[in-house]
Amino acid sequence: SPPTYYDDYDDAGDGSEGEPWRPNVAYPLHSVKSLTIEGSNGQGQNYLRNVLQPLNSDDLQHLKCHSVTWELLRPLLRPSLTTLKVTSMLIPPTAAMWLTALADIRDLKELSLSFAIAIGQNALETSSAPVCLPHLTKISLPVFESEASPSYTALWDHLRLPKLTHVHIG
């Protein structure tokens, strides 16, 4: 079993030392293939960022996140991903930001974004090129609020999904 060391965290974000009892693993997370993050806000996000910072896995295939920030999620969006499920982002990115990120994940087979696109940010630049996800077979873009519909529609309109077989849009 790898040793555990203890680190001081700046949980308050003000430069002060946090609680030194939070453990951090003293080895790289280089062989992780599947990762689930049940996020939190404030100091929990700072802790997660410190734990995930050493993650250097080009083998990461499955990522499931709930209640995380874009700043925490974005570095985890690797080309090796085949499954991406994101729900209830704290401050969701725009459809344009998602398209930029998804353009680099060409092996993606399953995508689910629920409460994960900024509301009211449906205007994509006219230069936004369509994003082709050639292996995507399953997509879920549930819309629970009418205000979110234009943002999800903007994303949907810019995706090219030649192998799509399963769709959930609500």
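Okay, let's start with Thr82, which sits in the loop between α2 and β5 (83-87); helices here are DSSP runs of H or I with at least four residues, strands are runs of E with at least two, and both are numbered from the N terminus. Quick caveat: this is a predicted model, so local features need pLDDT of at least 70 and side-chain atom pairs count only at pLDDT 80 or more, while totals for chains, interfaces and linings use all residues. Residues are numbered from 1 along each chain as its sequence is written, and side-chain values use heavy atoms, with hydrogens and water left out.

Is Thr82 buried or exposed? Thr82 counts as buried, at 15% relative accessibility; the cut-offs are under 20% relative accessible area for buried, over 50% for exposed, and partly exposed in between, with a 1.4 Å probe and protein chains only. Skipping neighbours within four places in sequence, Thr82 has contacts with Gln61, His62, Asp107, Leu108, Lys109 and Glu110, where contact means heavy atoms within 4.5 Å.

Now the core. The largest nonpolar core has 41 residues, meaning buried Ala, Val, Leu, Ile, Met, Phe, Trp, Tyr and Cys joined through side-chain atoms within 4.5 Å. Among the residues with the most contacts inside it are Leu73 and Trp98. Helix α3 gives the most to this core, with 5 residues. If we ignore residues up to four places away in sequence, Leu73 touches Leu63, Cys65, Val68, Val86, Met89 and Trp98.

Trp70 is buried at 10% relative accessible area, and Trp98 is buried at 0%.

Last, the sheet. It's open, with 6 strands in the order β3-β4-β5-β6-β8-β10 and parallel pairing; strands pair if DSSP finds at least two bridges between them. At the edges, β3 (34-38) and β10 (166-169) each pair on one side only. Inside, 3 bridges join β6 (residues 110-114) to β8 (residues 138-141), and Ser112 stands opposite Ser140 in β8.
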